[in-house]
Amino acid sequence: MKFTEEHEWLRMEDSVVIVGITEHASTQLGDIVFVELPEEGQTLSKDDEAAVIESVKAASDILCPIDGEVVEVNQAIVDEPAKVNEDPLGAGWFFKIAPSDISQMDDYMDENTYNKLIS
Amino acid sequence: MAKDLVRTPLFELHLKHGAKMVPFAGFEMPVQYPQGVLKEHLHTRQKAGLFDVSHMGQVILRAKGYTQLAEEFEKLLPMEVKSLKEGRQRYGFFTNDKGGIKDDIMFANRGDHIFVVVNAACIEQDFSHMRENLSQNIQVKLLKNRALLALQGPRAEKVLAEHHPAVRDMAFMDVETLPIAGAECWVSRAGYTGEDGFEISVPEAAATSLANSLLEHEDVEFIGLGARDSLRLEAGLCLYGHDINEDTSPIEAGLTWAIQSRRRVEAGFPGATRIQEEITSGPVKRRVGILPEGRAPVREGCKIYASKTAEDAIGAVTSGGFGPTLNTPVSMGYVRTPFAANDTALFAEVRGKRLPVKVVKLPFTGPNFKR
């Protein structure tokens with residue numbers, strides 16, 4: 001699993017990259033009450049606005065960490081945004097993307113480096 | 001955090017309870033505790049929440065007799081002060097010469113004095129306003145040595161009655177001096193959540209022990225400013241500087257009910273011309289509840305349109321967020337009068353998209369006061 005400075009995580013699974021937000025991000029944001037996800041089939045570039053989350057406090061953009069096509073989104077967190085707080089690294093994933101340049105994964109931190117960043 | 005932020009007497013206790021402290025109107029205040037805004041909000045609606053509202057200004061006005069005091073105070077605001085009975089308090093607001101609102105306040109007839117509670121951000125301005133515009137026969141004293149706690153929710157009476165049984169007999173907006181936790185407390189049956197509850201002015205030295213003894217009760221949790229905001233929003237209550245300000249009139253704000261009939265007729269307060277005119281002819285815009293149809297919160301500053309394509313906005317949101325009790329987003333704001341009727345279908349612009357919203361009656365929840 002890789003981590004971005006924007007507090008997102010990326011995990012490679014069957015040649016698809018799954019994207020979500022970190023435990024740290026979900027704690028900082030507080031109770032999440034609204035999630036808007038990209039369309040399946042949408043092509044995104046790195047740093048495009050991919051999703052919006054709103055907590056009780058504020059709205060935040062989720063930037064796409066990698067170029068590619070969105071192949072699946074997690075409707076469960078749209079229906080029940082609290083799932084992101086409950087299980088940010090698991091059931092609270094956001095979207096899956098078929099990457100066009102997998103080497104972009106190398107730009108991101110491993111878990112140890114990320115943990116240092118947030119400590 | 002900036003060095004010049006003021007800490008309330010409960011600062012250490014907030015830290016002990018794991019509060020996240022933020023700057024608010026010059027004070028360092030708890031915005032939330034570990035359980036988070038959503039749970040704190042629901043706890044207050046279901047049981048009892050304890051709020052530190054010591055940032056609010058507590059002012060005493062004193063003169064030879066209540067009549068003189070009331071006559072002078074009525075020059076600053078459009079409320080009936082003279083006939084307010086001893087031991088009763090009232091919601092009010094200072095108006096400016098343009099008929100806008102300088103601040104909204106609570107004031108109580110305490111026999112030989114009037115007790116005024118003002119918003120934190122307006123303390124200095126309100127103090128100067130009172131000092132400069134009341135005669136020298138009136139003493140205006142800003143209290144620096146008292147904390148203010150609010151205990152709010154359906155269990156508030158039960159909890160506070162364990163400290164003093166007399167609170168059971170208090171009605172909404174009654175004010176009494178009661179010995180609680182070994183200190184002289186000024187207790188009012190009021191609040192800012194739409195729930196039954198009390199506000200307790202307590203000497204600084206006794207504030208922590210009072211808070212601790214209330215928190216010992218299994219029904220009581222500390223609640224931060226985050227939930228205070230969502231509670232008052234659901235209750236349809238105005239936040240000064242957002243929903244009301246120097247430009248909005250009380251009539252536009254839907255606060256006409258707070259201007260008693262004698263004052264509407266006799267006037268004699270700043271901005272009376274506009275206020276009387278708007279009472280007669282109606283205001284050009286009105287504060288309304290705005291219920292988004294979807295799940296996206298529609299926050300302060302979002303513009304309101306009559307249609308998906310209309311060029312010009314017909315209003316704007318002044319407070320908006322998520323309402324945990326309703327489990328939907330809730331907002332309030334101003335729309336031009338022709339669009340202010342309940343059930344009017346409108347659109348709010350959020351991140352460039354026009355989302356359907358509906359004008360609804362305020363409040364969204366409650367109130368659950370003990371009349």
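Is B:Asp174 buried or exposed? B:Asp174 counts as buried, because its relative accessibility is 16%. Buried means under 20% relative accessible area, exposed means over 50%, and partly exposed is in between (1.4 Å probe, protein chains only).

Some ground rules before the next stop. This is a predicted model, where local features need pLDDT of at least 70 and side-chain atom pairs count only at pLDDT 80 or more, while totals for chains, interfaces and linings use all residues. Residues are numbered from 1 along each chain as its sequence is written, chains are lettered from A and ligands numbered from 1 in the order in which they are written, and side-chain values use heavy atoms, with hydrogens and water left out.

**Stop 1: B:Asp174 and B:Arg88**

A salt bridge is a side-chain nitrogen of Lys or Arg within 4 Å of a carboxyl oxygen of Asp or Glu. B:Asp174 is in the loop between α5 (156–161) and β11 (175–180) of chain B, and B:Arg88 is in the loop between α3 (66–73) and β6 (89–95) of chain B, so the pair ties together parts 86 residues apart in sequence. Helices (H or I, at least four residues) and strands (E, at least two) are DSSP runs, numbered from the N terminus. B:Arg88 is partly exposed, at 29%.

**Stop 2: B:Asp112 and B:Arg62**

Select these two next. Their side chains form a salt bridge of 3.2 Å, N to O. B:Asp112 sits in the loop between β7 (101–109) and β8 (113–118) of chain B, and B:Arg62 in strand β5 (residues 57–62) of chain B, 50 residues apart. B:Asp112 is partly exposed at 44% relative accessibility. B:Arg62 is partly exposed too, at 31%.

**Stop 3: helix α8**

Go to residues 261–266 of chain B. Here B:Arg262 and B:Glu266 are four residues apart, about one turn of the helix. They form a salt bridge, with the closest N and O atoms 3.0 Å apart. Over all chains, the count is 28 salt bridges.

**Stop 4: cysteines**

How many disulfides are there over all chains? The count is zero. A disulfide is a pair of cysteine sulfur atoms within 2.5 Å. Select B:Cys238: the nearest cysteine sulfur, that of B:Cys122, is 13 Å away. B:Cys238 is buried, at 5% relative accessibility. Finish on B:Cys185, which is buried at 0%.
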